[in-house]
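Please look at the sequence and the model together while reading. The text takes up the aromatic rings, then the confidence of the prediction, then the pocket.

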Amino acid sequence: MSTNVLYDAPGPKARRLSRIISVVGVVLVLALVGYVLYLLGRPRVSANGAVTASVLDPSRWDILLDRNLWRNIGAGWLATIRAAAVASVLAVAVGVLFSFLRTARTAWVRVPTTIVLEFFRGMPVLLMMLFILLVFSTGAFWAVVLALAVYNGALIGEALRSGIAALPRGQREAGLAIGLSPVRTRFAIEFPQAFRQMLPVILAQLVVLLKDTSLGYIVGYVELTRRGLNRLGTSYGSTYTFTLFAVVLVVYLLTNLLFSYVVRVADRRTGRRGVLARSRRRRPAGGPGLPTSDDDSRRTAPSEGGRDPRP
């Protein structure tokens with residue numbers, strides 16, 4: 001009899017079907033990878049009969065030894081990180097502001113905030129960048145930063161609002177009972193707990209923000225994509241287009257993997273597991289309510305007659 005309350009344990013037929021599906025899936029994935037490698041390794045023939053070496057030919061990867069390539073890639077990466085860092089700080093601040101106004105008790109504050117928030121959530125980021133650039137003439141950098149900050153701030157604000165709504169009502173009542181104002185209760189008691197609960201969601205949204213900086217390519221911001229594919233593509237020629245694309249892709253992947261690792265570490269240290277681990281480290285060796293030394297045992301042990309030696 002199965003002990004799982006969600007579903008029954010698979011029987012022999014189900015296990016056999018699962019193994020067959022797994023084998024077929026692996027074979028299809030390997031076939032797809034092989035087909036892609038075949039396409040990349042095949043020489044290209046143009047309309048006039050000229051033959052171009054395949055993408056996997058070593059002659060199309062010799063620019064990897066050029067220092068100028070990595071110097072430009074590094075400058076583009078720094079521009080991407082700078083825009084993402086400034087936009088992340090502003091997005092968190094905008095999110096806190098949106099969540100505070102969105103949960104206000106007064107309808108004339110809450111309803112307009114909801115309308116504005118839904119407008120920003122539904123507006124594409126690229127259109128927001130173009131709007132800020134054309135209307136306010138802020139320049140490419142601030143168009144990218146402000147658009148990403150407003151859009152992701154709206155999403156972070158909804159995440160914080162959900163975190164506040166999930167808190168027990170006693171948290172707010174306790175703050176009001178000790179004399180705190182509603183605003184101080186929100187910032188001193190509710191926001192820290194909601195932020196800790198929703199930290200994985202917020203950090204995941206900041207990963208999306210980092211990737212969305214590539215949209216700055218359209219508005220003229222010289223970030224990693226524009227510098228790697230546009231400027232270097234013009235310098236090295238169309239022969240190295242795929243090489244430059246692969247380099248930019250790998251840099252983005254490594255950056256996102258590093259940031260995702262930081263997200264997982266922060267989640268472990270601030271989540272329930274981290275709190276339990278810290279509480280275990282701080283707990284005395286004997287555990288709660290138990291003696292921690294021989295002296296404590298002697299002090300609390302009764303005498304030989306069953307009587308307590310203390311007066």
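**Aromatic rings, confidence and the pocket**

Across the whole structure, a search finds ten aromatic pairs. A pair of aromatic rings is described by two quantities, the distance of the centres and the angle of the planes.

Phe131 and Phe136 make up one of these pairs: their centres are 6.1 Å apart and their planes stand at 80°, an edge-to-face arrangement. The angle is assigned to that class because over 60 degrees counts as edge-to-face. How accessible are the two residues? Phe131 has a relative accessibility of 44% and is therefore partly exposed. Phe136, with a relative accessible area of 54%, is exposed, because the cut-off for that class is over 50%.

Phe141 and Trp142 also form an edge-to-face pair, with 5.2 Å between the ring centres and 80° between the planes. Phe141 has a relative accessible area of 17%, so it is classed as buried, the limit being under 20%. Trp142 is partly exposed, at 40% relative accessibility.

How far can the prediction be trusted along the chain? The average pLDDT of the protein chain is 81, and 83% of the residues score at least 70. For residues 286-311 the pLDDT is below 50, and this stretch has eleven contacts in the model beyond near neighbours in sequence. The predictor's confidence in each residue is what pLDDT expresses, so the placement of residues 286-311 comes with a pLDDT below 50.

The last topic is empty space. Rolling a probe the size of a water molecule over the atoms shows where such space is left. The largest pocket has a volume of about 350 Å³. Its lining is made up of 14 residues, and those nearest the centre of the pocket are Arg105, Ile164, Arg172, Arg186 and Glu190. Which elements give two or more residues to the lining of the largest pocket? They are α5 (140-165), α6 (169-177) and α7 (182-197). The largest share of the lining, four residues, is contributed by α6.

Methods
Residues numbered from 1 in each chain as written. Predicted model: local features only at pLDDT ≥ 70, side-chain atom pairs only at ≥ 80, totals over all residues. Heavy atoms only, no water. Phe/Tyr/Trp six-rings, centres within 6.5 Å; stacked < 30°, edge-to-face > 60°. Buried < 20%, exposed > 50% of the residue type's maximum accessible area, 1.4 Å probe, protein only. pLDDT = per-residue confidence, 0-100. Contact = heavy atoms within 4.5 Å. 1 Å grid on protein atoms, 1.4 Å probe; cavity = no way out; pocket = protein on both sides within 12 Å on 5 of 7 lines; lining within 4 Å. Points joined across faces, edges and corners; volume = space filled by probe spheres on them.
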